[in-house]
Amino acid sequence: MKSASGLKGLTLAGLALGLAATTLMAAVEKKKLTIGFIALTDCAPIVIAEEKGFFDKYGLDVHVVKEGGGWPGIQQKVINGEYDFSHALAGMPIAATLGINGDANLVALLSLDFNGNGITFGNNIMKQMKKYGMDDKKRPLGSESLKKYIDAKHAKEGGKYKPLDFGMVHPVSTHNYELRYWMATSGIDPDADATIKPFPPPTMPSNLIAGNIEGYCVGEPWNERVVLKKKGSTLVTNYDIWNNNPEKVLQARADFVEKNPETTKAVMKAIIEAQMWLDESWEHRKEAAKILSKPNYVKAPVDVLEKSMTGTFQYLKGQDSEPNPMFNVFANYYAAYPFYSHGMWFITQMYRWGQLEQPVDMKAVIEKTYRPDLFEIAAKEVGYALPPSPWKKDGVDKYNMFMDGKVFDPNKAVEYIYSFKVTHPKVGEAELKAVNGWEGSLKTAQPDYVCPYGPAGCADPKYVTE
């Protein structure tokens with residue numbers, strides 16, 4: 001039995017905790033929130049924040065909503081205020097702020113994950129690519145065999161050449177840029193040799209099976225869905241194209257964030273804690289797969305979700321899964337941090353593929369859109385480690401490589417756009433350089449490869465810090 005003094009101490013401690021919770025809740029400007037998401041495994045941080053009580057912990061009453069209208073639907077609902085926050089493609093808030101995907105100043109508050117996508121091909125085109133020397137077991141696998149098939153198709157069809165049809169999820173998606181990047185490394189021109197069309201992620205398998213497209217780039221579980229049905233194979237993941245690339249972000253309207261700073265911080269803290277929980281153990285990943293399988297979330301079989309969520313990936317139909325521990329990274333290796341340089345890479349791709357037709361100050365746009373300053377405040381309060389700088393180079397080390405060996409240095413962002421053999425910018429290099437006079441002044445710093453939160457998402461257990 002506890003002493004009276006001990007009980008008094010507990011009562012005072014409880015009172016203090018109650019007052020702290022009341023103060024926290026009072027500081028939240030808007031308690032009832034709606035957060036939209038698309039049925040993909042990388043919505044996991046939002047779903048886990050809801051299911052494991054992290055939103056409740058910070059005094060929030062969150063309604064997590066599955067969006068049925070694809071990425072255009074989710075974007076419009078953020079812009080019109082129906083969603084307070086949303087799961088978003090990393091390029092979406094940038095494009096909206098630039099006026100090429102909606103027209104509103106949206107911000108990326110944090111990165112939800114690294115990697116998570118695949119490029120899947122149907123059985124018919126797989127046969128054609130094998131005729132031209134494809135080794136489907138090679139990792140990473142380049143697009144050379146597809147290039148040879150396209151060249152042969154051009155020779156046969158001449159002026160009546162019919163471009164091959166491929167799918168991706170949105171014009172400013174990582175998927176569009178990754179598919180194009182992968183194709184262009186062997187000289188394929190995605191705008192002449194192929195037609196790349198947007199589809200909502202869950203519809204990709206049915207469109208492939210119906211013969212509407214030859215292949216697609218999408219997030220999980222919509223690659224493994226086709227592989228397990230033996231209707232196609234995933235030949236390359238986006239980790240193979242660009243190791244530890246940014247995939248999704250948490251976005252909101254800039255004016256909402258300004259009006260509701262404490263609410264925004266509370267949401268960020270809840271989601272960062274969910275990200276850390278996801279990388280804490282493979283057991284947590286298995287639990288997350290069961291949660292995501294529910295009809296109101298991803299609505300896919302647990303075994304399909306586990307293929308990628310638990311450190312493996314089945315590339316080829318009818319064959320065993322292969323180790324792929326970094327297919328999904330949620331917290332480790334600073335995966336939650338919204339690097340300015342990551343955002344700038346997306347602007348370079350918008351220029352590379354002719355989506356931006358006016359020269360803009362890329363640094364000013366990114367500093368208006370990506371918010372590592374807000375992230376730093378929330379991260380410190382939940383014990384999430386910060387990298388040495390919001391600016392870094394990509395393509396420089398074992399865990400940060402592009403498949404073609406190129407380096408993206410944000411201090412040379414304009415030069416980077418024009419350095420590719422296959423590129424279709426609508427703005428001249430000199431014109432773009434004229435409005436980006438800051439080049440060369442950024443203080444970049446490379447973060448170490450660290451896994452402080454657990455083994456999930458780590459390439460090797462020896463990198464997990466105690």
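**Reading the strands and helices of a predicted model**

In this predicted model, Gly118 has Thr237 in β10 as its bridge partner.

User: In what sense do β6 and β10 pair, and how do you know that they count as paired?

Analyst: β6 and β10 are joined by five bridges in the antiparallel sense. In general, strands of a sheet pair through backbone hydrogen bonds, either parallel or antiparallel.

User: What makes β8 and β10 edge strands?

Analyst: The open sheet has the order β8-β7-β9-β6-β10, with mixed pairing. β8 (194–198) and β10 (232–237) each pair on one side only. From one strand to the next, the twist averages 25 degrees.

User: Which strands of this sheet does α7 touch?

Analyst: Helix α7 packs on the sheet and touches β6 and β7, and its direction makes about 140 degrees with that of β7.

User: How do you know that the length of α7 agrees with its number of residues?

Analyst: Helix α7 (residues 144–157) has 14 residues, which at 1.5 Å a residue should span 20 Å. The C-alpha atoms at its ends are 20 Å apart, so the two values agree.

User: Why are the buried residues of α7 said to line one face of the helix?

Analyst: The buried residues in α7 are Ser145, Leu146, Tyr149, Ile150 and Lys153. Seen down the axis of α7, the buried residues fall within an arc of 140 degrees, and therefore they line one face. These buried residues pack against β6 (117–122), α6 (123–131), β7 (164–168) and α8 (174–184).

User: Why is Asn238 called buried?

Analyst: Buried means under 20% relative accessible area. Asn238 has a relative accessibility of 2%, so this residue counts as buried. Asn238 lies in helix α11 (residues 238–241), and among the residues that Asn238 touches are Asn115, Gly116 and Asn117.

User: What makes the link between the side chains of Asn238 and Glu178 a polar contact?

Analyst: A polar contact requires a pair of N or O atoms within 3.5 Å, one able to donate a hydrogen and the other to accept it. The side chains of Asn238 and Glu178 are joined by such a contact of 3.1 Å, a value within the limit of 3.5 Å.

Key:
Residues are numbered from 1 along each chain as its sequence is written. This is a predicted model: local features need pLDDT of at least 70, side-chain atom pairs count only at pLDDT 80 or more; totals for chains, interfaces and linings use all residues. Side-chain values use heavy atoms; hydrogens and water are left out. Helices (H or I, at least four residues) and strands (E, at least two) are DSSP runs, numbered from the N terminus. Buried means under 20% relative accessible area, exposed over 50%, partly exposed in between (1.4 Å probe, protein chains only). Contact means heavy atoms within 4.5 Å. The expected span of a helix is 1.5 Å times one less than its number of residues. The arc is that of the directions from the helix axis to the C-beta atoms. Two strands pair if DSSP finds at least two bridges between them. Axes are lines fitted to C-alpha atoms, for helices over the stretch in contact, and angles run from 0 to 180 degrees between N-to-C directions. Lists of a residue's contacts leave out its neighbours within four places in sequence.
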